[in-house]
Amino acid sequence: MLSVLAAGSVSKVSTVTHDANWFLEHAWIIPLLPAISFVVILFFGKRMPKKGAEIGITAVAISFLLALATGWSWIDHRDHVEFDAGGDESEVVDDHGDYLAPDELGNDEHAVVVDDGHSNVNDSVRLAVAAAEAGGEAEGSHPYVAVQTSTQWLQSGGVEFSAGILVDGLSVMMLLVVTLISLLVHVYSTDYVGGDRRYTHFFAFLSLFTASMLFFVLSDNILQMIVGWELVGVCSFALIGHWWEEKPNSDAALKAFLTNRVGDVGLLVGMITLFFAAGGGTTFDTITINEQIVQGQVGHTALVVAAAALTAAVMSKSGQFILHTWLPDAMAGPTPVSALIHAATMVVAGIFMVARLYPVFFEGMSIGGSSINLLSTVGAVTLVGAGLLAFVQDDIKKVLAYSTVSQLGYMAMALGVGAWTAAVFHLFTHAFFKANLFLGSGSVAHAVHSFDMKKDMGGMKKYMPRTFWTFVIGSVALAGLPPLAGFWSKDEILVGTGGWGLFGGTGGNGAYTFHLVMGMIGAALTAAYMTRCIYLTFFGRWRGGHAHDEHAHDDHAHDDHAHHGEPHESGPRILIPLYVLSGFSLVIGLVNLPPGLFSGSSKDPAGWQERFLHYIEPAGSSYFPAVAHGTPSWSLALISTGIALLGIGLAFRYYFIRVDRLSRVTGQSLTSLPNGLTTTNRLARAGHTLLVNKYYLDHLYTGIIAGFTKGPLARAAYWVNQNVLDRTVNLAGETAVRTGKVVYTKIDQGVVDGFVNRAGRASDATGQELRKINSGRVQNYATLLFAAAAILAGAFIILFAL
Amino acid sequence: MLLNQFLLLAAGLFCIGVYGVLVRRSAMLVLMSIELILNAVNINLVAFGALTDDVGGSVFALFTIAVAAAEVGIGLAIVLLMYRNRRSIDLAQVDLLKG
């Protein structure tokens with residue numbers, strides 16, 4: 001089945017009204033609460049009984065409940081508008097205008113601006129209404145209606161700066177993900193960073209981060225998006241450098257910040273281009289900009305520039321090749337931060353931005369009908385490149401970090417090939433299982449006080465069975481085996497590449513065969529490195545137990561724990577978030593079952609198929625391009641599962657069978673074969689070296705780029721400085737000194753000072769005389785008063801009598 | 001109407017009051033002299049009020065009397081405190097503000 005939502009046949013109505021569910025209109029409260037919590041924790045946190053943690057947890061918990069209510073309202077809103085044209089929604093709408101009448105929807109465009117007395121406060125809810133496509137019998141009168149609540153901030157020179165929220169499926173989904181994971185991470189952190197010297201500070205920044213991310217996803221204009229984007233960057237900086245006393249940590253924070261600056265240039269250029277090209281130089285409104293592009297009002301060149309510049313922003317924020325280098329280093333931060341920021345939420349800001357401004361990319365990169373473009377290729381290269389890097393990491397968090405980079409590559413690739421829903425769905429599922437894995441790795445590290453799998457882990461299954469099982473669930477979900485979460489989203493991406501015509505799949509926006517192959521390779525790599533990670537961490541025998549203070553990043557606060565002795569299972573505040581997340585990892589993929597898998601129509605509201613697509617994707621709305629959806633096929637699902645199993649199988653054979661057997665024979669807990677491929681084969685060894693050196697990208701950045709800047713470039717600049725600039729400056733300085741001397745002796749000393757001195761002397765003499773009058777006797781004063789009054793009276797009489 | 005007589009009386013009282021304020025050394029007598037000045041003004045007000053057949057003059061006179069009562073209250077308080085501090089109410093000795 002091929003369902004194409006063609007823009008050409010869609011009639012678009014953008015209109016403004018004031019009616020939406022309370023929760024949808026007041027979603028701005030959700031970011032506000034953590035923002036308030038940040039300030040409160042900062043000022044009063046240390047005096048609270050739990051050092052501020054309770055404030056953050058309460059704020060985020062309330063935000064989460066509000067997000068749930070908002071999600072519920074959104075589902076109601078979506079279905080309500082769609083299936084019940086005679087309900088409250090259209091009643092109110094009818095008071096304002098008749099634009100929702102079904103027979104009018106198929107006609108031409110018209111915009112109704114309703115002035116109902118609230119316009120003086122400029123508080124408006126915009127319903128960007130899009131009629132359903134012509135001929136779509138199932139969606140005949142089911143518009144996708146986004147709710148926008150905005151206030152004008154200021155207006156200057158015809159440019160409108162507004163502040164507001166845009167609530168649609170995408171932002172509601174992000175609200176739920178961010179608040180839920182943030183809540184779990186907050187709970188987890190009370191144990192994990194308990195007793196830390198900057199415990200309160202940590203919670204303050206967790207709150208600020210949550211607020212920033214929520215602010216970002218709710219933005220209704222690109223200016224606000226930039227602000228949110230930078231805010232999450234700042235929070236990331238502060239939290240990566242949480243233990244800044246150690247040089248590598250503060251270096252990592254700086255690296256993250258500076259690498260992101262590179263991409264931010266792209267963000268600014270892209271947004272400015274959009275503002276002038278699509279916003280007409282008057283508005284930053286996201287919906288307006290998107291609508292202009294969807295309607296073909298914007299020149300292609302401007303869109304190409306904007307899309308390319310914004311891709312650079314995505315590369316830095318979402319860790320795409322070649323600007324991904326900051327993300328693995330960002331693991332210097334506390335593990336809850338890695339889970340929250342560098343896996344589940346902040347790094348998806350780039351993906352979210354693309355999803356939000358999708359028309360820019362869809363039109364700018366000509367995604368439809370093409371077979372290669374910048375965004376999809378960056379994603380595909382990242383996906384495989386980072387997957388390979390994950391194999392040579394000894395630090396468990398770095399394995400997960402590269403895995404995150406790789407999965408973000410999946411998302412970027414999916415957006416690049418036009419599989420919007422697949423990308424957003426993968427973002428959604430990935431948030432759960434990657435947070436699960438990160439928190440699980442933190443749980444292990446908490447027990448052994450190290451992140452080094454080869455030196456300090458091994459055999460942890462025996463000591464931490466609960467962490468082990470949650471970690472395995474997360475890994476299987478990540479590896480993409482059915483029916484866990486990762487399978488459904490990954491498979492959708494592969495379907496979306498549209499490069500699957502050979503095997504019975506149809507649809508998609510173009511024939512992205514290269515990307516399909518890369519996606520398949522990535523699936524195998526993901527499955528294999530997670531198998532390696534599980535073996536090294538949980539199987540074999542425990543290799544720790546010796547002094548490992550030099551590795552202990554995370555245990556400043558745990559001096560009371562014995563550094564020796566056997567590791568033990570973590571406490572409930574660490575385990576419960578793990579249970580919740582692994583529960584979600586098990587089942588969350590089922591929210592977007594592909595059509596045709598079970599009986600029933602894909603659009604059936606009572607059915608279970610494509611629920612995610614139905615509620616999240618703004619298909620047919622006025623601000624979303626006409627993307628085509630590929631049709632899933634059994635053969636593709638079987639092959640991708642087979643490839644993942646192959647990856648697991650190869651890694652299993654190497655680690656669980658060969659290494660394990662050798663370990664038993666030698667009586668040691670080995671981490672690799674002594675005579676493996678990398679020691680016997682030259683090519684393999686070269687590849688290994690390349691990976692260990694992370695493709696020499698860090699060398700490129702620090703050695704060559706920074707080195708050139710420091711070396712020849714700096715010397716040249718120094719010469720220019722000394723010989724050109726300084727000479728001019730010296731000349732100017734000497735002239736100024738000479739002039740100054742003349743001015744000083746003649747004008748300053750003679751004229752100005754003379755005048756001032758004389759004025760001073762005159763007032764001194766006057767004062768000496770006048771002080772005699774000031775006798776202190778009240779009667780003398782009275783005499784003067786009466787004398788003056790008498791004189792004035794006399795003058796008055798003479799003046800008026802004559 | 002015999003306005004002149006009232007004005008002359010008022011002017012005389014006023015001059016006596018001013019003289020008292022300026023030359024008497026006792027704070028009590030100065031206060032009493034101020035009362036004379038105020039009453040001279042009152043006579044003027046009442047006289048002009050009667051001349052123009054306007055009740056406003058009398059109203060203002062009453063107002064002045066009320067304010068004068070308050071003024072005397074404060075004035076006496078000052079004198080009393082002065083006496084407590086210096087055992088004297090001689091105004092010639094009160095010259096702390098001398099510049």
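A residue is called buried if 20 or more other C-beta atoms lie within 10 Å of its own, exposed if 12 or fewer, and partly exposed in between, with C-beta atoms placed from the backbone. By that rule, 21 of the 26 residues in helix 23 of chain A are buried, so the helix is mostly covered. The model is predicted: local features need pLDDT of at least 70, side-chain atom pairs count only at pLDDT 80 or more, and totals for chains, interfaces and linings use all residues. Residues are numbered from 1 along each chain as its sequence is written, while chains are lettered from A and ligands numbered from 1 in the order in which they are written.

**Confidence**
- The predictor assigns the complex an ipTM of 0.85 and a pTM of 0.70.
- For chain B the average pLDDT (the predictor's confidence in each residue, from 0 to 100) is 90, and 98% of the residues score at least 70.

**Chain A overall**
- Chain A has 31 helices and four strands; helices (H or I, at least four residues) and strands (E, at least two) are DSSP runs, numbered from the N terminus.
- Of the 802 residues in chain A, 51% are buried.
- Among contacts in chain A with a separation of 6 or more, 78% join residues 24 or more positions apart; two residues are in contact if their C-beta atoms, placed from the backbone, lie within 7 Å.

**Helix 23 of chain A**
- Helix 23 covers residues 513–538, and at 1.5 Å a residue its 26 residues should span 38 Å, which agrees with the 38 Å between its end C-alpha atoms; the expected span is 1.5 Å times one less than the number of residues.
- Just after helix 23, A:Gly540 has a positive phi of about 75°.

- Helix 17 should span 30 Å with its 21 residues at 1.5 Å each, and its end C-alpha atoms are 30 Å apart, in agreement.
- Helix 17 is mostly covered, with 20 of its 21 residues buried.
- A:Gly418 follows helix 17 and has a positive phi, near 95°.
- The axes of helix 17 (residues 396–416) and helix 18 (residues 420–448) come within 9 Å and cross at roughly 175°; axes are lines fitted to C-alpha atoms, for helices over the stretch in contact, and angles run from 0 to 180 degrees between N-to-C directions.
- Helix 17 is therefore roughly antiparallel to helix 18; angles over 145 degrees count as roughly antiparallel, under 35 as roughly parallel, 65 to 115 as roughly perpendicular and the rest as oblique.
- The residues of this contact divide into 13 nonpolar, five polar and two charged; Ala, Val, Leu, Ile, Met, Phe, Trp, Tyr, Cys and Pro count as nonpolar, Asp, Glu, Lys and Arg as charged, and the others, Gly among them, as polar.

**Helices 8 and 9 of chain A**
- The axes of helix 8 (residues 222–240) and helix 9 (residues 247–277) come within 10 Å and cross at roughly 175°.
- That crossing makes helix 8 roughly antiparallel to helix 9.
- Helix 8 contributes A:Trp229 and A:Phe237 among others, and helix 9 contributes residues including A:Asn260 and A:Met271.
- By class, the residues of this contact are 13 nonpolar, three polar and no charged.

**Chain B**
- Eleven residues of chain B are in contact with ten residues of chain A.
- The chain B side of that contact has eight nonpolar, one polar and two charged residues.
- B:Leu80 lies in helix 3 (residues 56–86) of chain B and counts as exposed because it has 12 C-beta neighbours inside 10 Å.
- B:Leu80 and B:Ala27 are 53 residues apart along the chain, with their C-alpha atoms separated by 9.9 Å.
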